[in-house]
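Hello,

Here is the structure I said I would pass on. Please open it alongside this message.

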Amino acid sequence: MLIKLYLTHLHLDHTIGIPDVWLTGSLPTGGKREQPLKIWGPKGTEKMMVHMNKAYKADLDARDDSGNGNVEGASNVANDIKEGIVYNKKGIEVIAFKVDHKSIEPAFGYRVNYKGHSVVISGDTRYNENLIKFSKGADVVIHEVAAAKPDNESESIANILDLHTTPEEAGKVFS
């Protein structure tokens, strides 16, 4: 099994599942990936994965010692990316583009092109003209939206909502 992972940004809710995908995917019961997990993401992705390797060293060593190790499948290759084409093989083109997630930079969305079709994934973003530019002509646009009940708007909720797109703004993007 060959898995490629593209991170939009390095907030906890977008990275917490990486150890499960990375390590479980190498087990016979989890997919038996026999190649390194390949990861692309914003600046800091490579460093984060170096630290995850250190954090899970005891687990990786124990797997090897028990004969359940799949050294190649339990490894990873991380790449810090910039805006532009980040993958182009076998007719699959992945383009990273900057979005505005205010609290963390850079944050990316992705456009995946294949055989004349395309899908755009916004990632977490506020209303963003760059997203609109890269979405033009796409077959499918997957766009994040955040909303809260008006009676629930504490300052912290308002701050979180300010990092995301409202349903009304998403409608504007789609039009």
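Below is what was found, starting with the chain as a whole and ending with one residue.

Please keep in mind that this is a predicted model.

The whole chain

The chain holds 7 helices and 8 strands. Its C-alpha trace spans about 55 × 45 × 25 Å along the principal axes. Of the 175 residues, 37% are buried. The accessible surface is about 10200 Å², and carbon and sulfur atoms supply 55% of that area. Among contacts with a separation of 6 or more, 58% are between residues 24 or more positions apart.

Strand β1 is joined to β2 (residues 37-41) by 3 bridges, and the two run parallel. If you want a place to look, Tyr-6 stands opposite Trp-40 in β2.

Another open sheet has 5 strands in the order β4-β5-β6-β7-β8, and here the pairing is mixed. The edges are β4 (84-89) and β8 (140-142); each has a single partner strand, so one side of each is left without a neighbour in the sheet. Neighbouring strands of this sheet are turned by 15° against each other on average, again ignoring direction. Within it, β5 (residues 92-99) and β6 (residues 107-114) run antiparallel and are joined by 8 bridges. In this pair, Val-99 stands opposite Ala-107 in β6.

Ala-58 is found in helix α4 (residues 57-66). Is Ala-58 buried or exposed? Its relative accessibility is 60%, and the cut-off for exposed is over 50%, so Ala-58 counts as exposed. Ala-58 and Glu-93 are 35 residues apart in sequence, and their C-alpha atoms are 37 Å apart in space.

Regards

Terms used:
Residues are numbered from 1 along each chain as its sequence is written. This is a predicted model: local features need pLDDT of at least 70, side-chain atom pairs count only at pLDDT 80 or more; totals for chains, interfaces and linings use all residues. Side-chain values use heavy atoms; hydrogens and water are left out. Two strands pair if DSSP finds at least two bridges between them. Helices (H or I, at least four residues) and strands (E, at least two) are DSSP runs, numbered from the N terminus. Axes are lines fitted to C-alpha atoms, for helices over the stretch in contact, and angles run from 0 to 180 degrees between N-to-C directions. Buried means under 20% relative accessible area, exposed over 50%, partly exposed in between (1.4 Å probe, protein chains only). Contact means heavy atoms within 4.5 Å. Accessible areas come from the Shrake-Rupley method with a 1.4 Å probe; for residues, only the protein chains shown count as cover.
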